[in-house]
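Welcome, and please take a moment to look over the sequence and the model below.

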Amino acid sequence: MSALEEAVIGEGAARTARSRIDEIIAGRFACREFSDAPVPRRTIEQILRVARFAPSGANIQPWQVYVLASAAKDRVSAALLEAHETSRDEHVSEYKYYASDLPEPYLNRRQEFGRLFYGSLGIAQADIEARSRQTARNYAFFGAPVGLIVTIDRRLEVGSWLDLGMFVQNVLLAAAGRGLQSCPQETFAKYHRILRPLLSIPVEQMVICGISIGHAKDAATRGLMPRADVEAFASFAGFDD
């Protein structure tokens, strides 16, 4: 059997072995253009009911979620958009998302993201105003009918943040499994002082991110961001093959 025949057979076997969950994971993308098609409360409840099975150390389940739709979502969006327009420099997140001195290969990946993402929108890297207008679209949840605000108890340690990340991923995948798309958005954390009174968020809860959920209107960014090959981040030992 030739090497080409072996490769073809191998690819066929891989396609056969690929499960529905593989397709959901690989097909999920950060949607930034949603349609106005409604998403019922019961669907969001189903998503959260599944997502709650994320693993967490000692089963402490460190997540809290504030679900917004319709007028409630619009009120939050209006307040955040006003702050973004008039006082954005007065607001800062309670945690750092990126390292101040980002090392390689992460710096290059972040720069590549900027080139690809803003390039796909026709926005020049140096066009600060256009980039600010694009950022503002976050606070309208990119037109999605449902928005989530996710918090964690600030008294917990970094291990619980790992648990929270797995919960958020479960939310994204459970949404995708129901034909919906989503966008996790760290930028909501910047406006925690505005969100806290609007949503009655207790002082011990730290705003971590928002999540937009709905039906994708534009899949322009689907598959836009490259992923490193397995060989770039994994090492294997002890396998016979």
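Which elements do the buried residues of α7 pack against? They pack against α2 (20-27), α3 (41-51), β1 (63-69), β2, β3 (181-185) and β4 (205-214), where contact means heavy atoms within 4.5 Å. This is a predicted model, in which local features need pLDDT of at least 70 and side-chain atom pairs count only at pLDDT 80 or more, while totals for chains, interfaces and linings use all residues. Residues are numbered from 1 along each chain as its sequence is written, and side-chain values use heavy atoms, with hydrogens and water left out.

**Helix α7**

- Helices (H or I, at least four residues) and strands (E, at least two) are DSSP runs, numbered from the N terminus.
- Helix α7 covers residues 158-176, which is 19 residues.
- From its first C-alpha to its last, α7 reaches 28 Å, close to the 27 Å expected at 1.5 Å a residue; the expected span is 1.5 Å times one less than the number of residues.
- The buried residues of α7 include Leu164, Phe167, Val168, Val171 and Leu172; buried means under 20% relative accessible area, exposed over 50%, and partly exposed in between (1.4 Å probe, protein chains only).
- An α-helix has 3.6 residues a turn, so residues three or four places apart point the same way.

- Strand β2 (146-153) is mostly covered, as eight of its eight residues are buried.
- In a regular strand the side chains alternate between the two faces of the sheet.
- In β2, Val146, Leu148, Val150 and Ile152 point one way, while Gly147, Ile149, Thr151 and Asp153 point the other way.
- β1 and β2 pair in the antiparallel sense over seven bridges; two strands pair if DSSP finds at least two bridges between them.
- Within that topic, tryptophan 63 has isoleucine 152 in β2 as its bridge partner.
- β2 and β4 also pair in the antiparallel sense, over eight bridges, and leucine 148 has isoleucine 211 in β4 as its bridge partner.

**Aromatic rings**

- The structure holds nine aromatic pairs: rings of Phe, Tyr and Trp (its six-membered ring) pair if their centres lie within 6.5 Å, and planes under 30 degrees apart count as stacked, over 60 as edge-to-face and the rest as tilted.
- One of these pairs is phenylalanine 117 with tyrosine 118, whose ring centres are 5.1 Å apart with planes at 65°, so the pair is edge-to-face.
- Both phenylalanine 117 and tyrosine 118 are buried.
- The rings of tyrosine 139 and tyrosine 191 have centres 5.2 Å apart and planes at 90°, so this pair is edge-to-face.
- That pair links distant parts of the chain, 52 residues apart: tyrosine 139 lies in the loop between α6 and β2, and tyrosine 191 in the loop between β3 and α8 (192-199).
- Tyrosine 139 counts as buried at 1% relative accessibility, and tyrosine 191 counts as buried at 0%.
- Ring pairs link Tyr139, Phe141, Phe188 and Tyr191 into a cluster.

**Charges over rings**

- The charged end of arginine 32 sits over the ring of phenylalanine 117, 4.5 Å from its centre; this requires NZ of Lys or CZ of Arg within 6 Å of the ring centre and within 35 degrees of the ring normal.
- Arginine 110 has its charged end over the ring of tyrosine 98, 3.9 Å from the ring centre.

**Backbone details to look for**

- Most residues other than glycine have a negative phi, and most peptide bonds are trans.
- Phenylalanine 141 is not a glycine, yet has a positive phi of about 55°; this residue is in the loop between α6 (128-136) and β2 and is buried, with a relative accessible area of 0%.
- Serine 70, in helix α4, has a positive phi of about 50° although it is not a glycine, and serine 70 is exposed, with a relative accessible area of 53%.
- A cis peptide bond joins glutamate 104 and proline 105, with omega about 5°; proline 105 is in the loop between α4 (70-86) and α5 (106-120).

**Cysteines**

- The structure holds zero disulfides, a disulfide being a pair of cysteine sulfur atoms within 2.5 Å.
- Cysteine 31 counts as buried at 0% relative accessibility.
- For cysteine 209, the closest cysteine sulfur is also in cysteine 183, at 10 Å, too far for a bond; cysteine 209 is buried, with a relative accessible area of 9%.
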